[in-house]
Amino acid sequence: MDPVTLETGRLVLRPFGPGDADAVYDACQDEDIQFYTPVPVPFGRQDAEKRVREEWPQGWAGDDNYILGAFRKDTSALVGSYCLTRVSRGVYELGYWAVKEQRGRGYTVEAARALCDWGWATLDVHRIEWWAMTGNTGSRAVAERLGFTLEGTLRNRGIANDGRPHDWWVGALVRL
């Protein structure tokens with residue numbers, strides 16, 4: 001699928017490009033992003049370059065991982081990364097992280113809602129899942145504001161960057 005650009009009242013969601021590597025690198029220095037998301041630790045500049053130049057464009061080319069950066073219209077500052085990733089036929093996972101300095105302003109809900117709306121309209125989706133490690137209350141609050149139903153807690157679902165297994169919450173939006 002060809003990458004898309006989406007707009008909301010305050011944001012432009014667009015594919016990341018090579019010029020975004022510095023902003024991605026800076027954002028991923030945040031300890032919360034390094035703990036709660038599957039990024040390398042430590043996160044180096046080469047990791048940012050690889051993502052914006054190779055990995056993220058490959059998701060669009062492979063038609064299975066649609067990743068957009070959200071940028072403020074007023075300042076062009078990076079707000080975060082938002083993706084819909086194919087899990088199985090008709091099921092996608094919503095994933096996101098937000099730049100520390102941009103949190104608490106409603107941008108993540110705005111960006112995630114726009115991406116989900118695009119997914120419902122464009123992809124063959126009947127379920128959008130959300131997963132977050134327990135303790136990631138910010139991510140859970142966003143999912144709840146988006147209308148996700150918390151379906152449960154999976155014990156020791158995954159190994160985090162601290163090398164230990166952690167419980168995860170799972171929720172979903174479903175098309176009825």
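Two rings of Phe, Tyr or Trp (its six-membered ring) count as a pair if their centres lie within 6.5 Å. By this rule, the structure, which is a predicted model, holds 9 aromatic pairs.

Two of the pairs are set out below, each with its geometry. A pair of aromatic rings is described by the distance of the centres and the angle of the planes.

| Pair | Centre to centre | Angle between the planes | Type |
|---|---|---|---|
| Tyr66 and Trp118 | 5.4 Å | 70° | edge-to-face |
| Tyr82 and Tyr96 | 6.4 Å | 25° | stacked |

The edge-to-face pair of Tyr66 and Trp118 links distant parts of the chain: Tyr66 belongs to strand 3 (residues 65–72) and Trp118 to helix 4 (residues 107–122), 52 residues apart. Both Tyr66 and Trp118 are buried. They also belong to a cluster, in which ring pairs link Trp60, Tyr66, Tyr92 and Trp118.

The stacked pair is Tyr82 and Tyr96. Tyr82 is in strand 4 (residues 78–88) and Tyr96 is in strand 5 (residues 91–98), so this pair ties together parts that are 14 residues apart in sequence. Are these two residues buried or exposed? Buried means under 20% relative accessible area. Tyr82 counts as buried because its relative accessibility is 0%. Tyr96 has a relative accessible area of 15%, so Tyr96 is buried.

Note on methods. Residues are numbered from 1 along each chain as its sequence is written. This is a predicted model: local features need pLDDT of at least 70, side-chain atom pairs count only at pLDDT 80 or more; totals for chains, interfaces and linings use all residues. Side-chain values use heavy atoms; hydrogens and water are left out. Rings of Phe, Tyr and Trp (its six-membered ring) pair if their centres lie within 6.5 Å; planes under 30 degrees apart count as stacked, over 60 as edge-to-face and the rest as tilted. Helices (H or I, at least four residues) and strands (E, at least two) are DSSP runs, numbered from the N terminus. Buried means under 20% relative accessible area, exposed over 50%, partly exposed in between (1.4 Å probe, protein chains only).
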